[in-house]
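Subject: Structure handover

Hello,

Here is the structure for you to look through. My notes follow it.

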Amino acid sequence: MQFVIITGMSGAGKTVAIQSLEDLGFFCVDNLPPTLLPKFLELMKDASNKMNKVALVMDLRGREFFDDLFRALDELDKSSWVTPTILFLDADDSVLVRRYKETRRSHPLSPDGTPLEGIQQERKILEELKGRAQLILNTSNLKPRELREKIVLEFSANKQSVFTVNVLSFGFKNGIPIDCDLVFDVRFLPNPFYIEHMRPKTGLDEEVYTYVLKWNETQKFLEKLTDLLAFMLPHYKREGKSQLVIGIGCTGGQHRSVALAEYIGHFFEKDYHTTISHRDIKRKEERKP
């Protein structure tokens, strides 16, 4: 049985998600109060019931019942007949604010205040639930069609269970990506930015890549980091996560983090389905004094 709980930030795409699952043949319920979840699960367990694909949307419209949700999830963890997949939809604060302004809606937690105030409250309330999610999708840069495609790919009946390791480089000066599960700071390594002819290049260039990796501290760091990740990844997979996002950050996200993300992604590609992306590689880094 496929059982999906859709939750996340208001404005992040839960409507698109539930419509996509409905198109895949899921029995869908929008805004089920978490206090009713145990009764609903009893109906699902009924041998005479034909529901084998179910999706529920739970959001802050039922926020007073979230304690009931956590109790129900704890009970599900002890059961053997169904394992829920929590799909958490997220987006950057600036994107959510823009979406609220475009629709002229008020945030449910801040009907008389600014959208940002409500978004910040909501993010804090949902922090624990996000930590329990098996799948987190950041929709900041996704069009509705692209989000629909991702959900169809993830939950279609002919999809094999694949654990994906996403390695993402970024620059701390542009902010930490909010969808990272693990973040590693590599700003302590020698910086090619200060070598003038390397400055306009990136960690994808052979010269920069070789420069970053040639140092003893880089080699020692990679040895320890890959050993740590090799220990952790099977445990994340065993816990039911379908993906893990590993963030590698340097100052601008163009040299050191790019080179190390490439190394780490290729290091694990023989054992896992791996993707490598570079969030800030096209941003022009200003020269520091």
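In what order do the strands of the four-stranded open sheet run, and how are they paired? The order is E7-E8-E6-E9, and the pairing is parallel. Strand E7 (182–185) and strand E9 (273–278) are at the edges with a single partner strand each, so one side of each has no neighbour in the sheet. From one strand to the next, the twist averages 20 degrees. Please keep in mind throughout that this is a predicted model.

Within that sheet, E7 pairs with strand E8 (residues 243–250) in the parallel sense, over four bridges. Leu182 has Ile246 in E8 as its bridge partner.

Two helices to look at here are H9 and H10. Helix H9 (residues 216–238) lies across strand E6 (164–171), E7 and E8, and runs at about 175 degrees to E7. Helix H10 (residues 256–268) packs on the sheet as well, where it touches E6, E8 and E9. The direction of H10 makes about 170 degrees with that of E9.

H9 and H10 also pack against each other, at an angle of about 45 degrees and with their axes 11 Å apart. The two helices are therefore oblique to each other, and H9 passes H10 in a right-handed crossing. On the H9 side the contact involves Thr218, Phe221, Leu222, Leu225, Thr226, Leu229, Ala230 and Leu233. These meet Leu260, Tyr263, Ile264, Phe267 and Phe268 in H10.

The other sheet to report is an open one of five strands, in the order E2-E3-E1-E4-E5, with parallel pairing. Its edge strands are strand E2 (27–29) and E5, each of which pairs on one side only. Neighbouring strands in this sheet are turned against each other by 20 degrees on average, direction ignored.

Cys28 has Ala55 in E3 as its bridge partner.

Are the residues on the two faces of strand E5 (residues 135–138) buried or exposed? Leu135 and Leu137 on one side are buried, and so are Ile136 and Asn138 on the other. Both faces of the strand are covered.

Helix H7 (residues 144–155) lies across strand E1 (2–8), E4 and E5. The helix runs at about 165 degrees to E5. Helix H1 (residues 14–23) packs with H7 at an angle of about 45 degrees, their axes being 9 Å apart. That angle makes H1 oblique to H7. The contact is made by Val16, Ala17, Gln19, Ser20, Leu21 and Asp23 of H1 together with Pro144, Leu147, Arg148, Ile151 and Phe155 of H7. H1 passes H7 in a right-handed crossing.

Next, the nonpolar cores. The largest has 48 residues, of which Phe3, Ile6, Leu37, Leu56 and Leu87 touch the most other members. Helix H3 (residues 66–78) gives the largest share of this core, five residues. Apart from it lies another core, of 28 residues, including Val165, Val186, Leu189 and Leu233.

What does Ile6 touch, leaving out residues up to four places away in sequence? Its contacts are Lys14, Ala17, Ile18, Leu21, Leu56, Val57, Met58, Leu87 and Leu89.

Two single residues remain. Asn31 lies in the loop between E2 and helix H2 (37–45). The phi of Asn31 is near 60 degrees, a positive value in a residue other than glycine. With a relative accessible area of 26%, Asn31 is partly exposed.

Val97 lies in helix H4 (residues 93–103). Its relative accessibility is 17%, so Val97 counts as buried, the cut-off being under 20%. Apart from neighbours within four places in sequence, Val97 is in contact with Leu116 and Ile119. Val97 and Asp30 are 67 residues apart along the chain, and their C-alpha atoms are separated by 23 Å.

Regards

Key. Residues are numbered from 1 along each chain as its sequence is written. This is a predicted model: local features need pLDDT of at least 70, side-chain atom pairs count only at pLDDT 80 or more; totals for chains, interfaces and linings use all residues. Side-chain values use heavy atoms; hydrogens and water are left out. Buried means under 20% relative accessible area, exposed over 50%, partly exposed in between (1.4 Å probe, protein chains only). Two strands pair if DSSP finds at least two bridges between them. Axes are lines fitted to C-alpha atoms, for helices over the stretch in contact, and angles run from 0 to 180 degrees between N-to-C directions. Contact means heavy atoms within 4.5 Å. A nonpolar core is a set of buried Ala, Val, Leu, Ile, Met, Phe, Trp, Tyr and Cys residues joined through side-chain atoms within 4.5 Å. Angles under 35 degrees count as roughly parallel, over 145 as roughly antiparallel, 65 to 115 as roughly perpendicular and the rest as oblique. A crossing is left-handed if the near helix is turned anticlockwise from the far one by less than a right angle, and right-handed if clockwise.
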